[in-house]
Amino acid sequence: MEIRPILASLRKHRIPAALIVLEIALACAVLCNAVFMIGQRVASIHWSNAIDEQGIAVITVNGADPKLAASEIPRNLVALRGIAGVTAVAAATSMPLDQNPALSPFVAKPDANTTVNTSVYFIGSDGERAMGLRLLQGRWFNAGEYAGSGFKNFSSTGHVALVTQSDANRLWPGQSALGKTLYSNATGWTVVGVVADVLAQDPKFSGPGGMYSSVFFPLQPDGVMGDYMLRSTPQDRERVVREAVQVLGKLQPGAVVEGKTYAGMRSDYFADSNSMVWMLVLVCVVMLAVTAFGIVGLTSFWVQQRRRQIGIRRAVGATRGHILSYFRTENFLLSTTGTLIGVMLAFGINLYLMEHYEMNRMPWYYLPGSAIALWLLGQLAVFGPARRAAAVPPVVATRSV
Amino acid sequence: MFGYYLDLALRSLKRNKVLTALMVLAIGLGIGASMTMLTVLHVMSGDPLPERSGQLYCPQLDPLPLKYQQSAYGPDPRLNFTWPDAMALVAAHRAERQAAMAGGALLIRPAQAGLRPFYVDGRYATTDFFAMFGVPFLRGQGWSAADDAGRTRVVVLSDTLSRKLFGTDDSIGRMVRFGDADLRVIGVSADWQPKPMFYADASAKVFDDADQFFLPLSTALDLKFDTNSNQSSWSSFEGDMKSPVLTWLQVWVQLKDAAQVAAYRQFLIDYSAQQKALGRFERPPTQARLYGLMNWLDRQNLVPADVRLQLWLALGFLLVCMINIVALLLAKFLRRSGEVSVRRALGARRRDIFLQFGIESAVIGLAGGVLGLAIAQLGLWSVRHRPDDYAHLAQMDVSMLIGTFVLAMLASVLAGLLPAWRACRIAPALQLKTL
């Protein structure tokens, strides 16, 4: 296809051509960044979490008398175990993504520093089974460790801990974490096991790279344990929540008892991200539609304006295919210029957002990706007007001269 | 002439319905999206106490040690006060009114059968709280300075909480069980919810929460009630809430005029200097600050990054829509070159042509504004269904309603400028030849 005549005619219509280029460039820049944000949020909604998310029900008891915890918690656990379909029950201080962060810095040497805030979980006897933790190395806590570990000044009076695989790799790179000592404020605990990665209580407070920084301590029945974890099959969980709330409501008449499935807890945490994703998707779709209609409108105008020229070209031998490809090539040139500018603009916007909104750097493939999307959109939009142009009969040339 | 141009504009818009609809739709979508986010921003940066905000100030001291390193993730300890500093400021009485306060969530165990225990949010404060913020009372009143000193076990309930507990707003003299303590009701306030709850610290959901009870700060401390504001300490405080190394209280003062403000600022610096001389403060006394209410809210950055991002996105979208309309209007106006030439040849000035097309763009803007308003209402409806704490605030007020039309007209007239200019530059002779 000969490009020079197209360029010559575009030079005659500088303003409309510049407008199309500008519109495509802006749409490309906004699309790039919006899609990138969508991608990031969707990825966060799907963060993996190595507990039995589908089978856990969590009942939270607030306002129970801490002095009676040693007798009440074992009594409550026995009652909860009696609910049909429950395979394991344990008390705990908090759950991943429950938005009540209990954070501490943990390091491999007594005097070291870190920017990572680790989420601290205290679990009662059988906690590993009730939560569905996955052991990768070492062993679980034994009965003696559960019975002999207390809670003082927000830390464990016991001597053992479980760490996640991410933390094991971060604190002791290239070595086995088993038997190593984990320090916080100069107190040490021996690592007896490594579990698959469990999410923090609120990853946004954990610091860079701290999303999977979680540590588990054993704890005897204690007033700080407000959560009861009940494990069942996913089909039973809703019923388990209802029955467990009733059971605990009767046993603890002076306390506030609330029940939730863990799946519900997780979707609560990501409800924000979810609504943002839908809003971004909506904006992208509407913006692409507006851009497409703009291209259709302007090209239609051009076609109408050039009916006579098209007629003359047809009369001197151009086929329908030639006319069709003329407009498509013209659109291709405009789209290419627009997306080139748009890609640069998108990159600039990303740099600005990185500076002001804690955005990550956009991976390079988003740029050609949205460039191709807009280029395809342009071709699609120009198809209708171009076909109408091709349908101009050669006789038009003779009529108006 | 205006009526005639309006008539011409309507005729021209009717002639090509699809194109007109497209332009109105584009401007409506752009305006709708932008106004949705602008309204959210507007309600979030509103004045919580319009009659009083000009007189309310938030002091700030710097009791941190020189070597203290602020973590990028934790809250700034200086945003709150230590017990000794807060009490010293309240006792000094250098402002018209002053109060120290902290938030707390307490377990209420209702005496009535059938009501399960529940948690409510409220505030522990010193006596001036009510007069300074203008909390409206339905019955009774707040406590006195003597109650503050005597750690009296009294409480002021909100209308909602009073009705929930006793079925009436007249609960004066009755007892409520908070945690393990019985408090006597001495007042019932009308439901009072400044948006945002400027006096709470950053850990609160400031757009959603409302205080359901108020009780003397000294009483709360006496009964060891938990606070839910940020507690930051820079050395061991052994669980002592009166420790000089633990910040957890908020202090607000009311100052009448600029002279008082200047005097109070000086007082804060003098106080810091005195504390430094005593060896308690390590940093320069000039670190002490005094912020006006609105200034303080600006500094708190209450608008979440997500909302600001969405506003930028919406404005970017409006820009795309505007360029689209410029292109379409240009096409439309230039197509009428013949008509323009005839008018020019018959004596119309460039200015007339410009005005004619300007009016046509404004008509599109007006229609786009109406559509934009509808879309913005739809957008705000969807914002109200978001899970965020500010969601329920998303309502349009009169100023935003007018703003919608102003923005729509501005956008469309701006978009019409270039096409109208191009149209009035058409050389009539050249066009007339081809007619």
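Two strands are said to pair if DSSP finds at least two bridges between them. In this predicted model, strand β1 (residues 56-60) of chain B meets that condition with strand β11, since the two are joined by two bridges in the antiparallel sense. Within this pairing, L56(B) has Q254(B) of β11(B) as its bridge partner.

Strand β11 of chain B spans residues 246-254. Several other strands of chain B also pair with β11(B). Strand β2 (residues 81-82) of chain B runs antiparallel to β11(B) and is linked to β11(B) by two bridges. F81(B) finds its bridge partner in L249(B). Strand β10 (residues 232-233) of chain B is likewise antiparallel to β11(B), with two bridges between them. In that pairing, L246(B) of β11(B) lies opposite S233(B).

How much of β11(B) is buried? Of its nine residues, eight are buried, and the strand is mostly covered. In general, the side chains of a regular strand alternate between the two faces of the sheet.

The helices of chain B were examined next. Two packed helices are described by the angle between their axes and by the distance between those axes. Helix α2 (residues 17-44) of chain B packs with helix α10 (residues 305-335) of chain B. The angle is about 160°, and the axes are 9 Å apart. Angles over 145 degrees count as roughly antiparallel. Therefore α2(B) and α10(B) are roughly antiparallel to each other. The crossing of α2(B) past α10(B) is left-handed. By class, their contact holds 23 nonpolar residues, five polar residues and one charged residue.

The contact between the chains was considered last. Chain A contributes 34 residues to this contact, and chain B contributes 33 residues. On the side of chain A that touches chain B, helices α2 (14-45) and α9 (271-305) of chain A each supply at least two residues. The largest share of that side comes from α9(A), with 15 residues. Which classes of residue make up the side of chain A that touches chain B? Its residues divide into 23 nonpolar, nine polar and two charged.

Definitions and conventions:
Residues numbered from 1 in each chain as written. Chains lettered and ligands numbered in written order. Predicted model: local features only at pLDDT ≥ 70, side-chain atom pairs only at ≥ 80, totals over all residues. Axes fitted to C-alpha atoms, helices over the stretch in contact; angles between N-to-C directions. Helix = DSSP H or I, 4+ residues; strand = E, 2+ residues; numbered from the N terminus. Parallel < 35°, antiparallel > 145°, perpendicular 65-115°, else oblique. Left-handed = near helix turned anticlockwise from the far one by under 90°. Nonpolar A, V, L, I, M, F, W, Y, C, P; charged D, E, K, R; others polar. Buried ≥ 20, exposed ≤ 12 C-beta atoms within 10 Å, placed from the backbone. Contact = placed C-beta atoms within 7 Å.
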